[in-house]
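Subject: Structure handover

Hello,

My notes on it follow below.

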Amino acid sequence: MSLLEEGIASGNVQKTGRKEKHSIDGVTSDFEVYRIKTDLLYYNDQNDRIATWVSEYDSKNERKLLSIPRDEYNKVIEGFIVQSNPDALRKTQRDIALRGQLRPGVVLNDGRVIDGNRRLTCIRRIASSNNVPGWFEAVILDDAIGSDGKRIKLLELSIQIGEEEKVSYDPVDRLVGVYRDVIKNHLITPAEYGKATGLSESEVRKLIDRAQYMEDFLVFCGAPEQYHLARSLKVDGPLGEFKRILNKQKSERDRQLTEQLMFANIVVQPEGDITRYIRNFGVVAGTDAEPEFRAAEHQALVSLTDKMGPQPLTREKVSELRADTMLVGKFRRAGDRARETVKRGKLRDTPVKKSSETIKDLKQILPEMLDTLTPSEREAVRHNLKTIIRIAEGLIQEIDELA
C-alpha cells in the first residue's frame, strides 16, 4: 500500500500542516508531517536496536520473523522493543499519554518505520489500552528514497546516532549495525558511517575492530551472527581490550592463540569483572610470566572446548559452564599465578631501576649550577645530598649482609 496515494485517499493518512527538516544525501529539506493510522505501519527489522532480539527469535523458531503475518510480526517486535529498555519505554509512554507525540518519526511510503520504533510502540500500547485507533505522526519518504537501502541506512544513522539521543544505543546493538552494514554487506563505507554519525575516523576504526572481534567471538562459540548471545554476555567491554593486547603479540600465531584464549575467558568469566580480567593478557605480554600463563590457559581452553560440545553455545549452556567450579578454577589459577609472577618480577626490577634513575638525576646537577643558588638553596641541596648518602650507605650495608 502507498501511504502517499491510497493512504491519503482513504483518509488513513492526513496532513498535519507541520514540516520537519531532514538531511538526505547532504541536502537539508523540509518534509511534510502526516498523521498515519498505526495499522498501516510496520517495524523495521533491520533497525540496529532490535537486531540482537531478531537473531534470537530466528534461532528459536522454525519460521523466520520476516515470514510471519504482518500483525503477528508487529506484535513480536513490539515485545522486543519493550524488553530492550522497559523503564525508558514506560517513561516515554507516560509522556506521550500526557502531552501527545512531540517528535515526528520517519517512515517509508510502504509503511516501514525508519525512525520512531519506540514512539510507535508507545502509541500502539496507549491505543490498545484505550480501545481506540492509534495515530502516528511522521514524515513519509517517497519511493525514490525508500528504494535505496544505502540512503535509508545513512538517514537512519544520522537521526538515531548522529543526533542527540535520549535513549542511547546498547553497545552491542551498535556493533551489530557496524558489522552488518560496514563489514559484512559493505552497504556503507567507514567514512560514510563516520559522517552520518559524527564520529571521527579513529572512533569508527575502533568500532569496526570491535565489531569484527564480536563476530569472531560468536564463531568461537559455534554461533555465528547469533547477536543475542553477544548481548547477553555483554561482550563490548572486554572486546575493547583486544586490539591493544593483540598488538603486543610477537607473531600471527601468538595473536591467534591469544585471541582464542581471551574468547574462552569471556565464556567462562573466572572473575566478576571480565574486562579487568582480560587485561591480564596485556600485563603478562613480554614478561617472564607469559610462557607459563599461556601454557596454563591453553590447558584450560582444551577443557572448555571438550565441555562446550559440538552444538552452538546458548545462554543456558554458558551458565552451565560458569557453574563448573573445576573448569572456572583452571582459568582463575592461570590468571592468579601470572599476576603473582609479574608482581614478583616488578619487585625485583624496582631496586635496579630506581638506583639507576637516581644516578641519572644526580648527573643532571652540574657544579656551575650551584653558583646561581642563594645560600639557603645551597644549604637545602647539601641537606638532600647528605640524606641520599645516608640512605645509600644503609642499602649498601643490607646488600653486604646478604652476600
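Buried residues make up 43% of the 403 residues in the protein. Buried means under 20% relative accessible area, exposed means over 50%, and partly exposed lies in between (1.4 Å probe, protein chains only).

Two notes on how to read this. The model is predicted, so local features need pLDDT of at least 70 and side-chain atom pairs count only at pLDDT 80 or more, while totals for chains, interfaces and linings use all residues. Residues are numbered from 1 along each chain as its sequence is written, and side-chain values use heavy atoms, with hydrogens and water left out.

Overall form

The protein has 21 helices and 5 strands. These are DSSP runs, numbered from the N terminus: helices are H or I with at least four residues, strands are E with at least two. The radius of gyration is 30 Å, whereas a compact globule of 403 residues would have one near 22 Å. That radius is taken over C-alpha atoms, and the globule rule is 2.2 Å times the number of residues to the power 0.38. Along the principal axes, the C-alpha trace spans about 100 × 65 × 40 Å.

Cores

In soluble globular proteins, nonpolar side chains tend to be buried together. A nonpolar core here is a set of buried Ala, Val, Leu, Ile, Met, Phe, Trp, Tyr and Cys residues joined through side-chain atoms within 4.5 Å. The largest core has 59 residues. Which of them touch the most other members? They are M214, F217, F220, V235, F242 and L304. Helix α10 (residues 201-220) gives the most to this core, with 9 residues. A second, separate core of 31 residues includes I50, V54, C122 and I126.

L304 touches F220, A264, V267, V268, L321, L327 and F331, leaving aside residues up to four places away in sequence. Contact means heavy atoms within 4.5 Å. Take contacts between residues at least 6 apart in sequence: 69% of these join residues at least 24 apart.

Two residues to look at

H186 is not a glycine, yet its phi is positive, near 50°. H186 sits in the loop between α8 (171-184) and α9 (190-197). Is H186 buried or exposed? H186 counts as exposed because its relative accessibility is 60%.

K234 also has a positive phi, about 50°, without being a glycine. The loop between α11 (227-232) and α12 (236-239) holds K234. At 65% relative accessibility, K234 counts as exposed.

Best wishes
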